[in-house]
Amino acid sequence: MPPALDWTELDSRAVAHARALAGDAVQKAGNGHPGAAVSLAPVAYLLFQKVMRHDPSDPAWLGRDRFVLSIGHSSLTLYNQLLLAGYGLEIEDLRSLRQWGSPTPGHPEYGQTAGVEMTTGPLGQGLASAVGMAMAARRARGLLDPNQPKGASPFDHTVFVLAGDGDLQEGVTAEASSLAGTQRLGNLVVIWDDNAITIDGDPKITFSEDVLARYRAYGWHTQHVDWRGEGEYREDLDGLHRAVRAAQEETDRPSIIRLSTIMAWPCPTLKGTAAPHGAALGAEELAGLKKELGLDPERCFDLPEEVLAHARANAAARAAEIRENWDAAYSNWRRMNSQKAALLDRLVARELPSGWHHVLPTFEPGSKPVATRNASGAVINALAPILPELWGGSADLTASNATAVKGEPSFIPASQSSDTWQGDIYGRNLHFGIREHAMASVLNGICLHGLTRPYGGTFFVFSDYMRPAVRLGALMKLPAIHVWTHDSIGVGEDGPTHQPVEHLWAYRAIPGLAMVRPADANETVAAWKSVLERRCDGPAALVLSRQNLPVLQGTDAEGVARGGYVIADSPTGKVDVQILATGSEVSIALDARNALATEGIGARVISLPCLEWFDEQPQDYRDSVLLPDVTARVSIEAGTTSGWARYVGDGGVSIGIDRYGASAPPAELFERFGVSAEAVAKAARSLVGRTRIKGV
Ligand SMILES: Cc1ncc(C[n+]2csc(CCOP(=O)(O)OP(=O)(O)O)c2C)c(N)n1
Ligand SMILES: [Mg+2]
């Protein structure tokens, strides 16, 4: 039996004030989401004050449980607890809810408010990323302390999620939950606020399956705590506490608790309706709520000193007690595992081991052509022995994406091993199944958890399935690495469904995401190096070819790190035209340059593996690469041309594919779509003919 819940009158008062504060904050802001914050205040208080291991004075504490508010719209549910527990939020911050620069933005934002583990708001992402956090916790434990029995390591902790009807309707949680069940993530506990309300009212119009049966079928441990019951609504905190403890004790399966509540309870007239989901309660209803709670309806933002002091003292005392044991266990672990402790210090600092890049492969220019996806696979395998934090896999395209680390087990329970993949709960090769969206969310969760660095692969065309999570990762500046192979019509016979065309520009539209499309094997190595070195500034996608590409003369790792460089300058000593290219089209550009040389036209070829990195460079560097005075410019990229005007200017020509591809052999497709050296040369000739070159 878990210890009985120790609950005092002051705890009840803290919950009552939290409910009223949620109403007050939204009333003052004029808009927001009070409803679930009112009804879930006791649930969140229970977690933060009675259940979770956390330390408000050290929000980054390694041993902490994680709390993910998947219902991000209910940010006040979290802000109230951060305030009560002593994470630095104060009443004045609730007064500035949703205002410019406040630590209480409309939805919780990672990095803006101490104690916020993840940016949430796009429904489903919180729960799906929590699966990644739970996976990361297991992987980190395997790296640092694999031999302790369950629960005995300082690295053991629980990932808690508060989810809503919306989260469980979103497809990404189905993907992630199926994966979590297969992975037997016993360190994951989800509480589903089954309040029978979404914005359109009763979700019975859209959501009729037996959700817990579905989760049982996924392999989860399920419980139902029914506060609505048959008779009067009763917030049975003892029952919920028991369920949460039982969920934590179930270490072999993830757990979900269906908690049947009433939206905005105990608001006098609006409880149980959709109205308080996303609008201020109104003065009258708010006063009525306060009366129901036994509070003074005249007082706003009221939090008596003794209530706040109680909550903060309780959170601090619990933290001190938990930390005392944990610190001792952790010091002991450090003493017994000095090498692993050094590894941990490196991972916490997000540093790479000195000299790490010496193991990177190099490819001889002119040697056998190599697909950049395979060069990427060679990099991953070269780095694997010295970067244990680097791990990843694919959404069922492991061989195609070249994401596997050879000779290492898969990150799956041994019981899930197949003829092809040997499983180990601490394994390294990830298998996401055909779940691209959840893969991206999981990568975010792994990054958020901290210590390790994940990558995930699929065909570039299916990156569309990942976009919501990739965007959120960019917003949070998480260093996930996307390995997107089969990057163009170079896919060939599979045809237009499998040939990305608009994807490069569609993803370049996401601020903070680096789209890296290397030209050959050596640029691929340099791209990986730069991505790994840029470890704190957001996600990167490696956009890689299916087809073999020549190993080029003139590639430059430093130039790749800067996003663009001159791979071959004008052979005539005078730059008549500049050819801009990425990926597989760089070699085409080089062919065009050579053809133009025979006609006495001097072409400079600029390889631009990453426009985002190039744009970051100082003006003088950019001007030294892309000469401002030479306005005869041709870009070539096997995708839509939409954004190239910015680089080639009004007078330039962009060669690309502004239509869907087709099913045919790759060489024929390049030719028929005019992505060719002849097309570049033709455009260059006409530009040189009609463009006055300054200073000439
Ligand atoms: C992906 C996504 N789609 C739509 C929305 C808009 N939205 C915000 S909350 C909500 C309803 C959520 O219902 P539920 O999870 O039951 O939360 P409750 O109303 O019970 O607080 C919707 C549709 C969103 N935030 N994210
Ligand atoms: Mg709901």
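How many bridges join strand β1 to β2, and do the two run parallel or antiparallel? In this predicted model, in which local features require pLDDT of at least 70 and side-chain atom pairs count only at pLDDT 80 or more, totals for chains, interfaces and linings use all residues. Residues are numbered from 1 along each chain as its sequence is written, while chains are lettered from A and ligands numbered from 1 in the order in which they are written.

Strand β1 (residues 66-69) is joined to β2 by four bridges, and the two strands run parallel; strands are DSSP runs of E with at least two residues, helices are runs of H or I with at least four, and both are numbered from the N terminus. Two strands are taken to pair if DSSP finds at least two bridges between them. Within this pairing, leucine 69 stands opposite leucine 162 of β2. Strand β2 is also joined to β3 (residues 188-194), here by six bridges and again in parallel, with valine 159 opposite leucine 188.

Strand β2 (residues 159-164) is mostly covered, six of its six residues being buried, where buried denotes 20 or more other C-beta atoms within 10 Å of the residue's own, exposed 12 or fewer, and partly exposed a count in between, with C-beta atoms placed from the backbone. In a regular strand the side chains alternate between the two faces of the sheet. In β2 both faces are covered, with Val159, Val161 and Ala163 buried on one side and Phe160, Leu162 and Gly164 on the other.

Gly164 is also among the residues that come nearest to ligand 1, together with Ala36, Asp165, Gly166 and Thr198, out of 19 residues around this ligand; a residue is counted as near if its C-beta atom, placed from the backbone, lies within 6 Å. Two or more residues of this shell are given by each of α2 (35-39) and α7 (165-169), and the largest share, three residues, comes from α7.

The largest nonpolar core has 213 residues, and those with the most contacts inside it are Val131, Leu542, Ile579, Val634, Val680 and Ala684; such a core is a set of buried Ala, Val, Leu, Ile, Met, Phe, Trp, Tyr and Cys residues joined through C-beta atoms within 7 Å. Helix α6 (residues 125-144) supplies the largest share of this core, 12 residues. By contrast, leucine 347, found in helix α13 (residues 338-348), counts as partly exposed because it has 18 C-beta neighbours inside 10 Å.
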